[in-house]
Amino acid sequence: MKLERLGSLAGKGVGALGLLVLLLSLIRLDGAGVGLGVMLVLYGLGLLLLSGVYGELKAVREALGKRWDG
């Protein structure tokens, strides 16, 4: 499995978990759970962005390699 695909799936999973924790904590009016949910959502977003940047850098490196080799 490609690394950027794995990072994207992990980011979506962590983000979904964080959103679930956030919503459940809002229903229960639990402040610590809301903070944890927000933190997990932001961590998932960071993983998604990092995997996207990694994929783009990998594509640029391949394109530059083809340009210099050919």
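Predicted model: local features only at pLDDT ≥ 70, side-chain atom pairs only at ≥ 80, totals over all residues.
In which helix is the place of Ser51? Ser51 sits in helix H2, which covers residues 31-69. With a relative accessible area of 10%, Ser51 counts as buried, because the limit for that word is under 20%. If we leave aside the neighbours within four places in sequence, the residues in contact with Ser51 are Glu4, Gly7 and Ser8.

Let me now turn to the other helix on the screen. Helix H1 takes in residues 3-28, and Leu17 lies in it. Leu17 has a relative accessible area of 45%, so it is described as partly exposed, a term that applies between 20% and 50%. Together with Leu20, Leu24 and Ile27, Leu17 makes a nonpolar surface patch of about 420 Å².

Stepping back to the whole chain, we find 2 helices and 0 strands. The radius of gyration is 17 Å, whereas the globule rule gives 11 Å for 70 residues, so the chain is more spread out than a compact globule. Along the principal axes, the C-alpha trace spans about 60 × 20 × 10 Å.

Finally, if we take the contacts between residues at least 6 apart in sequence, 58% of them join residues at least 24 apart.

Technical notes. Residues numbered from 1 in each chain as written. Heavy atoms only, no water. Patch = residues over 30% accessible without salt bridge, like charges linked within 9 Å, V, L, I, M, F, W, Y side chains within 5 Å. Areas by Shrake-Rupley, 256 points an atom, 1.4 Å probe, with all protein chains shown as cover. Salt bridge = Lys/Arg side-chain N within 4 Å of Asp/Glu carboxyl O. Helix = DSSP H or I, 4+ residues; strand = E, 2+ residues; numbered from the N terminus. Buried < 20%, exposed > 50% of the residue type's maximum accessible area, 1.4 Å probe, protein only. Rg over C-alpha atoms; globule rule 2.2 N^0.38 Å. Contact = heavy atoms within 4.5 Å.
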